[in-house]
Amino acid sequence: MRHSMSKRALSSALHGLGPGACAEVDVARMGLNDDVARRLAKALETASGTTALDLSGNPGISDSGARALLEALSKNKTLLRLDLRGSASGSSNRAQIEAKLRQRAITAARDALLLRWLSPRHCFALSSCIV
């Protein structure tokens, strides 16, 4: 396990969260700390394409870093998975993050079902039944 993240790795992770973001960003077991978690949280606020962020195995991320990530979730509406297993963050922050992501997943599933039901084919069939 590395003890600190290289500047190149950090740049790559932040780029993955930038414009045209990667759907999944994996920075597990990279020796990340709260400072890096806060920088990732800031980038996550505008990462509209990112659906998963793996920060597992980074014991340097404590409550401070987890709080920053939780706050970023209020601005980022696309993230569905955030893995903090193996971090030093407390269970309260992790529980809040899990609850927010669980609700987001339920909403996304409901919206996907509604969109499928309201597809043009179904709308046509529904309108022909009503007429």
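## Overall architecture

From the N terminus on, the elements of the protein follow the order α-β-α-β-α-β-α-α, which comes to five helices and three strands, where helices (H or I, at least four residues) and strands (E, at least two) are DSSP runs numbered from the N terminus. This is a predicted model, in which local features need pLDDT of at least 70 and side-chain atom pairs count only at pLDDT 80 or more, while totals for chains, interfaces and linings use all residues. Residues are numbered from 1 along each chain as its sequence is written, and side-chain values use heavy atoms, with hydrogens and water left out.

Of the 131 residues in the protein, 37% are buried, that is, under 20% relative accessible area with a 1.4 Å probe, protein chains only.

## Helix α2 and Ala43

Helix α2 spans residues 34-44 and contains Ala43, which is buried with a relative accessible area of 18%. The buried residues of α2 also include Val36, Ala37, Leu40 and Leu44. Ala43 and Ala72, although 29 residues apart in sequence, are 8.6 Å apart in space, C-alpha to C-alpha.

## The loop holding Ser87

Ser87 is found in the loop between β3 (81-83) and α4 (91-117), and Ser87 is buried, with a relative accessible area of 11%. Not counting residues up to four places away in sequence, Ser87 touches Asn58, Pro59, Ile61 and Arg94, a contact being heavy atoms within 4.5 Å. The side chain of Ser87 also reaches the backbone oxygen of Leu84 at 2.8 Å.

Conventions. Buried means under 20% relative accessible area, exposed over 50%, partly exposed in between (1.4 Å probe, protein chains only). A polar contact is a pair of N or O atoms within 3.5 Å; within protein, one must be able to donate a hydrogen and the other to accept it, and residues adjacent in sequence count only if both atoms are side-chain atoms.
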